Amino acid sequence: QQYSSDVEEIENTSDDENQDSSPSSTTQRSKSQDQITEEEILELQSELRTHHRHAAYSAALETATELLDRCTSHFGRMHPATASAYNNVGLMNKLLGNYGEAKSAFHDSLQIYEEIVGKDHSSYAAPLSNLGMLERSRVLESEAEEGEEDNTQNQDESDVELETLR
């Protein structure tokens with residue numbers, strides 16, 4: 001995801017190499033703090049993808065949290081990059097079994113997307129889907145746990161039923 005369409009690669013040269021130090025000349029040769037910060041954000045996104053791809057979810061959560069902090073401080077809370085970062089924190093928490101934290105992060109992402117792009121935008125759909133999948137996973141886990149309890153309690157009854165069928 002690209003954050004700023006007007007950000008472009010600018011040749012980085014030192015002031016010693018260039019005699020022209022006019023403001024327009026300096027701007028063309030060095031990167032602004034915004035550009036540096038946005039490149040750091042892009043690097044964190046890449047690092048997050050790498051951790052996720054290698055199933056290093058704890059490291060991915062740390063990176064996602066750092067990414068969220070950077071996005072919030074650079075873009076503010078009400079920005080698509082911040083909403084995306086909340087969604088990433090939610091995903092990593094879900095993978096680590098931290099369902100409460102995941103749910104909270106997905107809700108934060110949804111709230112931001114709803115306000116800045118609306119509910120009909122595809123960006124809103126991603127955290128909504130993730131929240132739905134989180135709830136589905138929780139229900140399936142709960143049912144599986146109940147099934148395990150029922151299986152141990154009813155093991156003798158099942159054996160009896162099988163015997164009567166033979």
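Which residue forms a salt bridge with Lys-119? The partner is Glu-114, and the closest N and O atoms lie 3.8 Å apart. A salt bridge here is a side-chain nitrogen of Lys or Arg within 4 Å of a carboxyl oxygen of Asp or Glu. Lys-119 counts as exposed, at 52% relative accessibility. Glu-114 counts as partly exposed, at 38%. Buried means under 20% relative accessible area, exposed over 50%, and partly exposed in between (1.4 Å probe, protein chains only).

The model is predicted: local features need pLDDT of at least 70, side-chain atom pairs count only at pLDDT 80 or more, and totals for chains, interfaces and linings use all residues. Residues are numbered from 1 along each chain as its sequence is written, and side-chain values use heavy atoms, with hydrogens and water left out.

Confidence was examined next. pLDDT is the predictor's confidence in each residue, from 0 to 100. The chain has a mean pLDDT of 82, and 72% of its residues reach 70 or more. Over residues 1–21 the pLDDT is below 50, yet this stretch has 33 contacts in the model beyond near neighbours in sequence. A contact means heavy atoms within 4.5 Å. Residues 162–166 also stay under 50, and for them the model has zero contacts beyond four places in sequence.

Helices (H or I, at least four residues) are DSSP runs, numbered from the N terminus. Helix α2 covers residues 33–53. At 1.5 Å a residue, its 21 residues should span 30 Å, and its end C-alpha atoms are 30 Å apart, which agrees. The expected span is 1.5 Å times one less than the number of residues. Buried residues of α2 include Gln-35, Thr-37, Ile-41 and Leu-48. Their cover includes α3 (57–75) and α4 (80–95). Ala-55 follows α2 and has a positive phi, near 60°.

The whole structure holds seven salt bridges. One of them joins the side chains of Glu-66 and Arg-70, at 3.7 Å from N to O. These two residues are about one helical turn apart, because they stand four residues apart in helix α3. Glu-66 is partly exposed, at 37% relative accessibility. Arg-70 is partly exposed too, at 28%.

Lys-103 forms a salt bridge with Glu-135, the closest N and O atoms being 3.9 Å apart. This pair links distant parts of the chain: Lys-103 lies in helix α5 (residues 99–116) and Glu-135 in helix α6 (residues 122–153), 32 residues apart. Lys-103 is partly exposed, with a relative accessible area of 34%. Glu-135 is partly exposed at 29%.
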